[in-house]
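Please take the sequence and the model together and follow the paragraphs below from one part of the chain to the next.

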Amino acid sequence: MITDRWLTPPGPRLTLNRGQQLVAAVLVMLLIALVAIGFQSSADQNAYSQHSARSEAATTNTLFTVRDSLTYIDRAQQYLLGVVPRRDVQLARAMLAQRLRVIATNGLTAADSTGPDYRAALAALDAVVAKAPPGLLPVGQRDQWAGTILPRSEALSERAHELATDNQVEQHRMDRLAERNLLRGRVVQLAMLISALILAAILLWWVSANVVRQYRSARKAFDDEREVLRQTEFRLDRVSALERGQAQILERIATAGPVSSVLRQIVQLAADVSGAPAVRMSIGRRTVIYPPGADVSGTPAWTGVVTDNVDGSGTLQVFGDAEALDELAHTALVRCRDLAVLSLERDASARRLSYQASHDALTGLANRSLLLTRLSKSLLLSRRRGTPLALLFCDLDRFKMVNDSIGHAGGDQLLIEAARRLSGTVRESDTVARLGGDEFVVLCPELPDRTQALALANRIRTALSVPYTIDGKEAFVDVSIGITFADESTVSGHELMREADVAMYRAKLTDGHHINVFDSTLEAEVAQRLDLDAALRHAVERGELRCSAQPIVVLDTGVITGFEMLLQWHRPGLPVLYPGAFIPLAEDNGMIVEIGRWVLHETIQTLAQWRADGLALDLTMSVNVSPRQVRETGFAEEVLQMLAAAGLPPEALMIELTEHALVDLRVAHPTLARLREAGVSVSLDDFGTGYSSLTQLRTLPVDQIKLDRSFAAALDEGDDKQRAVVQSVVALARALSLDLVVEGIETIAERDTLLDLGADKGQGFLYHHPVLWDAARALLESGGVCPVPSDGGYTGLASSENPSPSESTTVTSQLPSPSVST
Ligand code: C2E
Ligand code: MG
Ligand code: MG
């Protein structure tokens, strides 16, 4: 982190040490002394000058003092200026003071002026002056008096002069003394000045030497500091380059930049910050070298391991002088290594996410979104190149049942296996997608014609219908496939998907036709089918469902031994619908449970009514039951309660379950065991269409076998193999003490053959169509026998009340075969 300390480095700082301070103090004191001496000297000079001036004045004028007057004579001694009246005391005192001042001024002492010569001269003068008149003399008298006074005055002057001369010698001596003193002072002053100057010079030299030395060391410290600062700045630059580069790379990683370019950036950053001449990163098949083409043949100076879960592990290697890599370089390289790991992980997880977003989690196949993307692209290509394109919509039959019976985990395994088989059947260029549940779509961008598409669909069907082994048990599903082709009029992938879906739906509803190619006429029909789903939900409450009963008879006599309950849907104003058209729908949407409950209740109530009326006393009512009903909790108790409530013995009821249903339910289902234990019989419906082998029959919890009507039909065609099969079923049923009922007997020939083969019970249009309750009751009332025509057999005619399924409507889709197994 950059601090102010680094930004503003201090310059060299000069401070005086103690010695310097002492010398400076001495110097200051010397200067003060010099100044003081200077002052003193000028004072002496003044005093000397004044003294000289005074001496001069004394020699220039003479003042004489007389006892009672004052006479002043100038040097020229020409004039006596005045005489002061003597008896004026005040004035006399003032004159005395004046005289003393004059004496002092002339360098004379009072003693001098009292010398005898001087006194005598003075007295003489005084005596003359005393005689002179007071005041200013008139001009005429002056010369006279001057002649008198002046000789005395001159005498006094002589005396004074002598005194003064004596005094001058003394004065001269004094002057010489003063001069000597002055000279001595000057010499001392000069010596002191010189020594002060020398001292100052020494001090200056010493101070300057000291300052230079201090400056140099401060300069060196400053340079050192600047170097440290420069290095720190350089380091900071590298740190900030690392931080900046790292931030940019992180941003690119965060914004999912292409991994190869991010790795290039990382390698460049590693080279820039470490200062290494060459850096190489190798991960899997990826290698990045910076600078491009640099020599990376030697031993790396630094190696960091880059682990990537997808491509395995790799390395970040730095070439050059290992010594040159400082601590920051190492830190930078470790960071670059971590960034590379992060980038690879990010890339892997982005790829994973994108894969997850476009693939089905369970099977790994493409999902709807990927399929639609590829479909759109294929459509464009197909249009541009004029090549065909086919879409196959595959839906597993009976998967829901299987899923319910083997559990969801088992169902998932089955789907995974189905997906694997599907992928193995198509070409590399095809796309197999799972739309969810048991729906798969195959997109074939290059299928030249309808024949090839059908062949592929058949291959798919063959592959998918091979039994699945789930948790050691076998499960069976089939598949319905709808095919559609793109042509110039195809607008979008969605449209194509819908067409394939419609074709598949139609295939599902058409018994035995598992593969269907879309044509536009199907659409309305399928839409109608979808409406059916909504309508069925209200059918029970609106009372539109009816039970029809088909007699089960003794083959040779036609005596009725029981009835099979078969549902019909009477929609107001519309053709009657038969079970094949809506039972799969009810199975799919779960309504079968409610519908089945209603059929059971209706059957039991009707039988109870009949028995109460003395009819059907030893007849058994067979009710078709869906495995979903059996799986409902409390189903067995509910059935037994219904029987008990109606006062019927459990033996009066038989429930029919198809082979598929039984296998799906797992053979020993507790509900079936409970019902059988109570006396309700279980019939194995549509035997021969499923997958259980004859030997498996022994283990199934059933009391009756209903041989599928396809066997009876085949007998009519005189197929020997079929005869043998039927014969063995008859034998097996007998061996296992199982009741055998042959379904769908339509002709006398079939009946006769069956009789020949040892079968004794059956049902079919030869004897009677399924009829509504009233007609069934009428049958019982009229003796309980179905009359068998002596020749021919079923001609397709039926009573108007109970139309044959094939006559009830002209819409093919509403004429499902009874054995629709979806
Ligand atoms: P299924 O149990 O095998 O019923 C026999 C089917 O064969 C009935 O068709 C019946 O009308 C038909 N049939 C009888 N004799 C002949 C004949 O001589 N020739 C031909 N071609 N067909 C004959 P339906 O009524 O269409 O029923 C079809 C299937 O619907 C039934 O097959 C049964 O599996 C199921 N089903 C019917 N009613 C119910 C029900 O109430 N609940 C359940 N869960 N399924 C039902
Ligand atoms: Mg049945
Ligand atoms: Mg049947």
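The unreviewed UniProt entry places the feature "transmembrane region" at residues 20–39 and 187–207; such positions are given in the numbering used here, feature names are shortened, and annotations may be inferred rather than shown by experiment. Over residues 20–39 the chain is 100% helix and 0% strand, with 28 Å between the end C-alpha atoms, and for residues 187–207, again 100% helix and 0% strand, the end C-alpha atoms lie 29 Å apart. Helices (H or I, at least four residues) and strands (E, at least two) are DSSP runs, numbered from the N terminus.

This is a predicted model, in which local features need pLDDT of at least 70 and side-chain atom pairs count only at pLDDT 80 or more, while totals for chains, interfaces and linings use all residues. Residues are numbered from 1 along each chain as its sequence is written, chains are lettered from A and ligands numbered from 1 in the order in which they are written, and side-chain values use heavy atoms, with hydrogens and water left out.

Further along, helix 7 covers residues 259–274, and its 16 residues reach 22 Å from the first C-alpha to the last, close to the 22 Å expected at 1.5 Å a residue, where the expected span is 1.5 Å times one less than the number of residues. Its buried residues (under 20% relative accessible area, 1.4 Å probe, protein chains only) include Val259, Val262, Leu263, Ile266 and Val267. Just after helix 7, Gly275 takes a positive phi of about 75°.

Thr484 has its place in strand 12, residues 478–485, and counts as buried because its relative accessibility is 3%. The side chains of Thr484 and Glu499 are joined by a polar contact of 2.8 Å, a polar contact being a pair of N or O atoms within 3.5 Å; within protein, one must be able to donate a hydrogen and the other to accept it, and residues adjacent in sequence count only if both atoms are side-chain atoms.

What surrounds ligand 1? Its shell holds 22 residues, of which the closest are Glu564, Asn624, Asp685, Glu746 and Phe765, a residue being counted if one of its heavy atoms lies within 4 Å. Strand 15 (560–569) and strand 18 (681–687) each supply at least two residues of this shell, and strand 15 gives the largest share, four residues. A polar side-chain atom of Asn624 lies 2.9 Å from an oxygen atom of ligand 1, and a side-chain N or O atom of Asp686 is 3.1 Å from an oxygen atom of ligand 1.

Conventions: Buried means under 20% relative accessible area, exposed over 50%, partly exposed in between (1.4 Å probe, protein chains only).
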